[in-house]
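Below are my notes on the model, as numbered points. They begin with the sheets and then take up the cores and the aromatic side chains.

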Amino acid sequence: MNAIRNIVILTGAGISAESGIDTFRGGGGLWEQHRVEDVATPEAFARDPELVLRFYDMRRAAIQEKQPNPAHFALAKLDREWPGDLLIVTQNVDDLHERAGGRRVLHMHGEHLNAWCTACDERSRWTGPLIDRPACPGCGEAALRPDVVWFGEMPYRMEEIYAAMRDAHLFVSIGTSGAVYPAAGFVRDARSLRARTLELNLERSHGSGWFDETRLGPASELVPAWVEEMLAGNAN
Ligand code: APR
């Protein structure tokens, strides 16, 4: 009998790595040739908005060329077929979970394909560039910025995440280094709430010791195998 009914899954850059999207901490401290503090902070945007907008325009264009990989498709299958509660909390700002068919997806660090109007607070679906300062479809002001959570900003929808964590029997972390809070602390929260904890990652993450079980390897192999186990009722 499978005692697990409710699942919270945390994903990070590692799940999209095999789709050709660079991880954050793989390139010698540089992220796409930039220091994080030059492009991913509110201060950077205030100091040099052109640099930041151009950087995010490039990333927004690039992700639209990428495709989901077997790990995204496997999670979408689990989402479709799992009878209990399930929430995929992603730190990723790409839309590969959704393009694979995932529905119960929460973007705690925002989304590349959204623009956020700092004048009227509206979010708009946005696939094109922001560098030419287009007008907000809601209020007409030229005050759009990428709808991504920068360092020093609050992640989105934390109350929903903690509500799901409180009911979860299993917490699974996939493709994240465990370097950035609050997501890095979820494993400890899950443990204190008596959930089982599982890590699927290429290498041990910073918080690896907190997990009941760690499986090491590429997400495209580990995730489909784990999903099949879950759907076959072999989870313990
Ligand atoms: N399969 C599984 N795991 C992988 C793979 C792969 N093919 N490739 C890399 N990984 C692992 C790495 O070993 C690493 O532990 O994915 C992890 C990626 O870690 P980071 O680059 O730190 O990405 P992430 O944890 O998502 O970063 C968190 O930091 O910069 C901020 O807001 C940004 O959401 C991001 C947050």
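Predicted model: local features only at pLDDT ≥ 70, side-chain atom pairs only at ≥ 80, totals over all residues.

1. Strands here are DSSP runs of E with at least two residues, helices are runs of H or I with at least four, and both are numbered from the N terminus. Two strands count as paired if DSSP finds at least two bridges between them.

2. Residues are numbered from 1 along each chain as its sequence is written, and side-chain values use heavy atoms, with hydrogens and water left out.

3. Five bridges join β4 (residues 110-117) to β6 in the antiparallel sense. Within β6, Val 148 is the residue opposite Gly 110.

4. β8 and β9 run parallel and are joined by four bridges; Leu 200 stands opposite Arg 215 in β9.

5. The largest nonpolar core has 23 residues, and those with the most contacts inside it are Ile 9, Leu 75, Val 172, Ile 174, Val 223 and Trp 226. A core is a set of buried Ala, Val, Leu, Ile, Met, Phe, Trp, Tyr and Cys residues joined through side-chain atoms within 4.5 Å. Buried means under 20% relative accessible area, exposed over 50%, and partly exposed in between (1.4 Å probe, protein chains only). Elements that each supply at least two residues include β1 (7-11), α5 (70-81) and β7 (170-174). α9 gives the largest share, six residues.

6. Leu 75 has contacts (heavy atoms within 4.5 Å) that include Ile 9, Ile 88, His 97 and Trp 226, leaving aside residues up to four places away in sequence. A second, separate core has 18 residues, among them Leu 53, Tyr 56, Cys 117 and Val 148.

7. There are five aromatic pairs in the structure. Rings of Phe, Tyr and Trp (its six-membered ring) pair if their centres lie within 6.5 Å; planes under 30 degrees apart are stacked, over 60 edge-to-face, the rest tilted. Tyr 56 and Trp 150 have ring centres 6.1 Å apart and planes at 50°, so this pair is tilted. Tyr 56 is in α4 (residues 49-63) and Trp 150 in the loop between β6 (144-148) and α7 (158-167), 94 residues apart. Both residues are buried.

8. Tyr 162 and Phe 186 make an edge-to-face pair, with 5.8 Å between centres and 80° between planes. Tyr 162 is partly exposed at 29% relative accessible area, whereas Phe 186, at 0%, is buried.
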